[in-house]
Each structure stands twice: as structure tokens, then as C-alpha cells.
Amino acid sequence: MGRVQNKVAIVTGAASGVGKEDALLLAREGAKVVLTDLNEADGTKVAAQINASHAGSALFVKHDIASEDDWKAVMAQTEATFGGLDILVNNAGILMYGNIEDTSLATWQKIQRVNADGYFLGCHYAVPAMKKRGGGSIINMASISAIGGQGSFCAYAASKGAVTAMTRSIAAHCRMELNNIRCNSVHPDGIMTPMVANLHSSMPKGTKTAVRMMDQKQMMARFAQPMDIANLVLFLASDESKFISGAELRIDNGYLMWAD
Ligand SMILES: NC(=O)c1ccc[n+]([C@@H]2O[C@H](COP(=O)([O-])OP(=O)(O)OC[C@H]3O[C@@H](n4cnc5c(N)ncnc54)[C@H](O)[C@@H]3O)[C@@H](O)[C@H]2O)c1
């Protein structure tokens, strides 16, 4: 028996990075997985990789998490293919450079639309679906920037802050309702994924940020691997964490701690 045997999971942003690793690990541990992403080519490949070793366990659905219609379609396909929903990993996200002075309203709104609205929509549709199953687990990918702030990624940090407060509110609501649905947020520091690999080149020339000034060697030392995050996601998705809800789990190797 796997640790999430026969549970049905949706993982957003599953074509790449952390979401890909989450989907592969949940499937190895017995879950049926609906992988969603804007990136159809890579998402389809990950689903095929799962089905090659666990036939019939994975389905890819093209999905823009900022679209309510897309969420309705994903929920309907999940129900039709696997019969219901037990786990939602709200993972897809975007990161764009910008401090408070040089972030435009358009950039701010673009980031909130995906990282905050997209997560709201996922939770909004997941809770009623999970109620029909008698419970479930929602895992929202936030960031240490939701706790510590991040000078050069102001709109991104705010979007993750919104997700963190929403997570607590969902946990409180579900506890009051005694519906056996848990909701937690995960707060990594850097993770070695395409999101950060492309960061240096996407920042304006001459930008001074701690991230920009880090060389590849420093990044390897400080940054987690996608599997480090997937292991925590698996624990939160499984019944092993059945009394954990409303938690903000930092996964940053102590980065936010005072040195003395
Ligand atoms: N990489 C890091 O250092 C880091 C640190 C803290 C938190 N996070 C968070 O972890 C999560 C995963 O990030 P990652 O590093 O694996 O990034 P990634 O860029 O490798 O993967 C993100 C995936 O989300 C998809 N995506 C983007 N916008 C989408 C949309 N509107 N609808 C559907 N899919 C969309 C992309 O196509 C991509 O496949 C994100 O929420 C990110 O904010 C990442």
C-alpha cells in the first residue's frame, strides 16, 4: 500500500519543477493524479511517464488557473475520470521581478491574478468536491516571502501572503464545519527549478538584489531540490498529517532564523 493509495489528487503546474515532482511522487505512492498546466507539451509527457509505470493513474488537462471556466472543466474531468477529489496541490505560479517603486499596476495585477485568484478558485471548487468524499487535504504553495517579505519581488510576496491568510481561513472554516478537510501552506526559500534558473536573465541589467548577486555555486548550496518539497507535500496529502491544518510549514533550512 502506498502512502496515498487510491486517493485522487489534482496538481497544478505539474509540467515543471516542483509540481512535476509532486505528481510523480504522489503517483508512486498510489494516488490517481490529474496533472494540470498551461504547458501542454511537457504536462502530457509527465502524465505519460506516470501511466507507463502505473497504467491509468494519470490524466493531463490543459488549465489556466486564473480562469474560473478552466477550473470548472478540471473539476468535472477529475470527477468523470476518477470519481471525486481527495487532494489539491495548488502549485502553479509565476514570479516576476519588481520592488515597490518599479512594479507597475499591470505587473501587480498579473501576479495576483495567477498566484492569488488562481489559488482561491482552486480552493473554492475543491472544498465542496472534498465534502462529497468525507474529507480531503489542500496544500497551497506559498513562499518564505509571505513571512519575511522580499524587497525585489514585492507583488509576488504579497500574492503568497494572500494565499497564506486564505489558507488559515479555510482551515478555520473547515474545522468549524467538522468536514474533515485540512488546508496548509508550504513556504520554501529557493528551489532549483526553471522558475529560478531563468531569474538572472529575466531581471533588468544592473539590478541589485541578493538573488542576482548569487553565483551558481551559492545557489546550489542554498536552494532546495524539488524532491525536498515533494516529500513534505506527500506527508501533508497523506493521512499521516491528519491533525495538521492551518499550518505554515517553512522549508528553508533555517534561512529566516537569526544567526545570533
Ligand atoms: N522555485 C523557487 O525558488 C520557489 C520558492 C518558493 C516558492 N515557489 C513556488 O513553488 C511553486 C512551483 O514553482 P516552480 O519553482 O516549480 O516553478 P516552475 O516555473 O518550474 O513551474 C511552474 C509551473 O506553473 C505553470 N503555470 C504558470 N502559470 C500558470 C497558469 N496561469 N495556469 C497553469 N499553470 C501555470 C508553468 O507552466 C510551470 O509549468 C510556485 O507556486 C512558486 O511560486 C517556488
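Trainee: Which residues come nearest to the ligand?
Mentor: A residue is near a molecule if one of its heavy atoms lies within 4 Å of it; here 29 residues are around the ligand, and Ser 16, Asp 37, Asn 91, Tyr 156 and Thr 193 come nearest. This is a predicted model, in which local features need pLDDT of at least 70 and side-chain atom pairs count only at pLDDT 80 or more, while totals for chains, interfaces and linings use all residues. Residues are numbered from 1 along each chain as its sequence is written, and side-chain values use heavy atoms, with hydrogens and water left out.

Trainee: How do the residues of the shell divide into nonpolar, polar and charged?
Mentor: Ala, Val, Leu, Ile, Met, Phe, Trp, Tyr, Cys and Pro count as nonpolar, Asp, Glu, Lys and Arg as charged, and the others, Gly among them, as polar; in this shell, 16 are nonpolar, nine polar and four charged.

Trainee: What lies 2.8 Å from an oxygen atom of the ligand?
Mentor: A polar contact is a pair of N or O atoms within 3.5 Å, and in this case a backbone N or O atom of Val 18 lies 2.8 Å from a ligand oxygen atom. From the side chains, an N or O atom of Tyr 119 is 3.1 Å from an oxygen atom of the ligand, and one of Lys 160 is 2.9 Å from a ligand oxygen atom.

Trainee: How much of the ligand does the protein bury?
Mentor: Accessible areas come from the Shrake-Rupley method with a 1.4 Å probe; taken alone the ligand exposes 830 Å², and the protein buries 91% of that.

Terms used:
Polar contact = N/O pair within 3.5 Å; in protein donor to acceptor, adjacent residues only side chain to side chain.
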